[in-house]
Amino acid sequence: MKTHPRLVVIGNGMAGMRTVEELLKLAPDMYRITVFGAEPHGNYNRILLSPVLAGEKTVDDIMLNTREWYDANGITLHAGDPVVRIDRKKRVVHAASGLAVPYDRLLIATGSKPFIVPVPGHQLPGVIGFRDISDVDTMLEAARAGGKAVVIGGGLLGLEAANGLLRQGMEVAVVHVMGSLMNQQLDPPAAELLRASLEQRGLRILLNRQTVAIEGEDRVRTVRFEDGETVDADLVVMAAGVRPNVELAKAAGLHCERAIVVDDTLQTYDPRVYAVGECVQHRRATFGLVAPIWDQARVAAAHLAGSGHRRYVQQATATKLKVTGVDLYSAGDIVGGEGSEDLVLRDRRGGIYKRLVVAGNRLTGAVLYGDVADGPWYFDLIQQRTDISSIRDQLLFGRAA
């Protein structure tokens, strides 16, 4: 009788489960699959935590794989029981509960964790990250009591958290160390339009602020900046970026730099161990957006299924802001470089701003504010490296022109 090889997946999030779904399409009966997850649920869409916080969706709405799905696919799920040790010599994983499960192939998808700014007071009750369902529950509970929230980080995640808390009735201040919001995705003129729009809605935006301490006796009360200024806070949300979750892999002796180093097949330095998602480093890059992670899932699944002809290739990425009512789109290289030119359209009255970065007759980047309908078209031109010399004069006016 043929016994099926055992695949153990560490991490029950979007990257790990997408890989399993792709694997089931290619080779549904190839492995006996066991999944370990730190959170006590099935797999949910982490990208949609912001609408849950804002009250537009419920937790049930964002579930991707319910417990029934695992059963139906013959997958053993240990939810709420994280793996604490990998024994690569014996090929066994050990979970927090004491459970030990052997593997023939291992897939590590441990994701990332919020970067908690290491200032005095960062461990006070009321200081949290914005990463999972329990964080959202904590925020909703704080919002029910009313009061003041401070969000540290003026990037995509921070602005989504701030918007959600504002919608739930809190007074919200966003603190950002840089001089403009979303500085990774937006150039200063677009960031300025965004700031004005968010302030109009009632958010307080504090730029160029270096947080030096979080203060309070039994829980957080104030946030202090370098210049001595303070703001009151009943809740502090850290949204100042994430760090790949690599402790487990490091302790197992897998080669890690900023994250777990993988090759073009998503294999680690141990040929039995693959890794995908926010915990991996591929050709010096780490990942935080969903599109590259879906690509990784497809490639890793193909190799796990034994039809290994695929290679993972990094692509340009696009960002769309999910703060209700604000339309933003950013794609490709928005900084530009030697020999690049900017095409700019500004309609202050209409609240529209577009900047296209062109280099050598190719579109390399786009920032759109207010009118984002052509975002996917521009992104397509960037990805396909289309020669735009014949349409350059009309490019700013969109596809219709």
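This is a predicted model: local features need pLDDT of at least 70, side-chain atom pairs count only at pLDDT 80 or more; totals for chains, interfaces and linings use all residues.
I started with R195, which turns out to be partly exposed, its relative accessible area being 23%.

Next I looked for R195's partner. Its side chain meets that of E199 in a salt bridge, 2.8 Å from N to O. Where do E199 and R195 sit? Both belong to helix 6 (residues 188-200), and because they are 4 residues apart there, about one helical turn separates them. I checked E199 too, and it is partly exposed at 33%.

Then I went to D270. I found a salt bridge to R88, with the closest N and O atoms 3.0 Å apart. This pair links distant parts of the chain, 182 residues apart. I traced D270 to the loop between strand 20 (260-262) and strand 21 (273-275), and R88 to the loop between strand 6 (83-87) and strand 7 (92-95).

Is D270 buried or exposed? I got a relative accessible area of 11%, so D270 is buried, the cut-off for that being under 20%. R88 comes out as partly exposed, at 29% relative accessibility.

Another pair I looked up was R46 and E39. Their side chains form a salt bridge, 3.4 Å from N to O. R46 has a relative accessible area of 26%, so I noted it as partly exposed.

Which residues does R18 join up with? I found R18 in a network of salt bridges with E22 and K25.

Last, the tally: how many salt bridges are there? I wrote down 19.

How values were computed
Residues are numbered from 1 along each chain as its sequence is written. Side-chain values use heavy atoms; hydrogens and water are left out. A salt bridge is a side-chain nitrogen of Lys or Arg within 4 Å of a carboxyl oxygen of Asp or Glu. Buried means under 20% relative accessible area, exposed over 50%, partly exposed in between (1.4 Å probe, protein chains only). Helices (H or I, at least four residues) and strands (E, at least two) are DSSP runs, numbered from the N terminus.
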